Amino acid sequence: MATAKTVPTSASVMKFIKAVGDETKRKDSIALVEIMRQITKEEPKMWGPSIIGFGSYHYKYASGHEGDCCLVGFSPRKSDLTLYI
(Lines give C-alpha, C1' and ligand atoms only; values in the text may rest on other atoms or scores of the structure.)
Protein backbone atom coordinates (compact mmCIF):
# COMPACT_ATOMS: atom_id res chain seq x y z
CA MET A 1 0.00 0.00 0.00
CA ALA A 2 1.24 3.52 -0.79
CA THR A 3 2.56 5.77 1.95
CA ALA A 4 0.89 9.17 2.38
CA LYS A 5 3.06 12.12 1.32
CA THR A 6 0.97 14.76 3.07
CA VAL A 7 1.88 14.26 6.71
CA PRO A 8 2.52 16.79 9.49
CA THR A 9 6.06 18.15 9.60
CA SER A 10 8.04 20.33 11.98
CA ALA A 11 8.63 22.99 9.30
CA SER A 12 7.86 26.59 10.27
CA VAL A 13 4.51 27.89 9.03
CA MET A 14 5.67 31.51 9.16
CA LYS A 15 8.92 30.75 7.33
CA PHE A 16 6.86 29.05 4.60
CA ILE A 17 4.48 32.03 4.34
CA LYS A 18 7.37 34.53 4.24
CA ALA A 19 8.79 32.61 1.25
CA VAL A 20 5.58 33.05 -0.79
CA GLY A 21 6.56 35.27 -3.73
CA ASP A 22 3.30 37.16 -4.19
CA GLU A 23 2.68 39.87 -1.57
CA THR A 24 -1.11 39.56 -1.78
CA LYS A 25 -0.93 35.80 -1.23
CA ARG A 26 1.40 36.34 1.75
CA LYS A 27 -1.06 38.77 3.35
CA ASP A 28 -4.02 36.52 2.55
CA SER A 29 -2.15 33.55 4.03
CA ILE A 30 -1.50 35.40 7.28
CA ALA A 31 -5.19 36.38 7.45
CA LEU A 32 -6.28 32.77 6.76
CA VAL A 33 -4.00 31.48 9.52
CA GLU A 34 -5.71 33.81 12.00
CA ILE A 35 -9.22 32.96 10.78
CA MET A 36 -8.63 29.20 10.81
CA ARG A 37 -6.87 29.39 14.20
CA GLN A 38 -9.90 31.19 15.69
CA ILE A 39 -12.43 28.82 14.15
CA THR A 40 -10.64 25.53 14.86
CA LYS A 41 -8.96 26.51 18.15
CA GLU A 42 -5.91 24.66 16.73
CA GLU A 43 -2.42 25.89 15.95
CA PRO A 44 -1.23 25.80 12.32
CA LYS A 45 1.12 23.03 11.24
CA MET A 46 2.78 22.29 7.92
CA TRP A 47 1.41 19.17 6.22
CA GLY A 48 3.91 18.11 3.62
CA PRO A 49 5.91 20.87 1.96
CA SER A 50 3.06 23.24 1.03
CA ILE A 51 -0.18 22.78 3.02
CA ILE A 52 -0.88 24.71 6.22
CA GLY A 53 -3.30 22.59 8.24
CA PHE A 54 -5.24 22.86 11.49
CA GLY A 55 -6.17 19.89 13.65
CA SER A 56 -6.28 16.33 12.34
CA TYR A 57 -8.50 13.32 11.92
CA HIS A 58 -7.96 9.67 11.09
CA TYR A 59 -9.81 8.08 8.16
CA LYS A 60 -10.21 4.49 7.00
CA TYR A 61 -11.84 3.37 3.76
CA ALA A 62 -13.67 0.08 3.21
CA SER A 63 -10.71 -0.93 1.02
CA GLY A 64 -8.50 -0.85 4.10
CA HIS A 65 -6.64 2.32 3.06
CA GLU A 66 -6.27 4.64 6.03
CA GLY A 67 -4.39 7.72 7.08
CA ASP A 68 -4.47 11.09 8.76
CA CYS A 69 -5.40 14.48 7.37
CA CYS A 70 -5.82 18.02 8.64
CA LEU A 71 -9.37 19.09 9.56
CA VAL A 72 -9.03 22.25 7.48
CA GLY A 73 -6.14 23.83 5.69
CA PHE A 74 -4.93 25.84 2.73
CA SER A 75 -2.03 26.21 0.38
CA PRO A 76 -0.88 29.39 -1.38
CA ARG A 77 -0.35 27.78 -4.78
CA LYS A 78 1.26 29.61 -7.68
CA SER A 79 -2.02 30.52 -9.37
CA ASP A 80 -4.51 30.55 -6.46
CA LEU A 81 -5.06 29.87 -2.78
CA THR A 82 -6.38 26.32 -2.41
CA LEU A 83 -8.63 25.55 0.58
CA TYR A 84 -8.94 22.08 2.10
CA ILE A 85 -12.13 21.56 4.07
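**Around helix α2**

The buried residues of helix α2 (buried meaning under 20% relative accessible area, with a 1.4 Å probe and protein chains only) pack against α1 (13-18), β1 (44-47), β2 (51-54), β5 (72-76) and β6 (81-84), where a contact means heavy atoms within 4.5 Å. The model is a predicted one, in which local features need pLDDT of at least 70 and side-chain atom pairs count only at pLDDT 80 or more, while totals for chains, interfaces and linings use all residues. Residues are numbered from 1 along each chain as its sequence is written, and side-chain values use heavy atoms, with hydrogens and water left out.

The chain as a whole comes next. It has two helices and six strands, which follow one another from the N terminus in the order α-α-β-β-β-β-β-β; helices (H or I, at least four residues) and strands (E, at least two) are DSSP runs, numbered from the N terminus. The C-alpha atoms of the chain fill a box of roughly 45 × 25 × 25 Å along the principal axes, and of its 85 residues 33% are buried. Among the contacts in the chain with a separation of 6 or more, 41% are made by residues 24 or more positions apart. The accessible surface, computed by the Shrake-Rupley method with a 1.4 Å probe, comes to about 5900 Å², and 57% of it belongs to carbon and sulfur atoms.

Helix α2 covers residues 23-40, and its 18 residues should span 26 Å at 1.5 Å a residue, which agrees with the 26 Å between its end C-alpha atoms; the expected span is 1.5 Å times one less than the number of residues. Within α2, the residues Lys-25, Ser-29, Leu-32, Val-33, Met-36 and Thr-40 are buried. Seen down the axis of α2, these buried residues fall within an arc of 110°, so they line one face of the helix, the arc being that of the directions from the helix axis to the C-beta atoms. An α-helix has 3.6 residues a turn, so residues three or four places apart point the same way. The face of α2 turned away from its buried side carries Lys-27 and Gln-38, which are exposed, a term that stands for over 50% relative accessible area, with partly exposed in between.

Two residues of the buried face can be followed individually. Ser-29, in helix α2, is buried with a relative accessible area of 0%, and, not counting residues up to four places away in sequence, Ser-29 touches Ile-17, Phe-74, Pro-76 and Leu-81. Met-36, also found in helix α2, counts as buried at 9% relative accessibility; with residues up to four places away again left out, Met-36 touches Lys-41, Phe-54, Val-72, Gly-73, Phe-74 and Leu-83.

Lys-41, one of the residues touched by Met-36, has its place in the loop between α2 and β1. Lys-41 is exposed, with a relative accessible area of 71%, and has a positive phi of about 60° although it is not a glycine.

The segment before α1 holds Thr-9, which is partly exposed with a relative accessible area of 27%. Thr-9 and Met-46 are 37 residues apart in sequence, yet 5.5 Å apart in space, C-alpha to C-alpha. Leaving aside neighbours within four places in sequence, Thr-9 is in contact with Lys-45, Met-46 and Gly-48.
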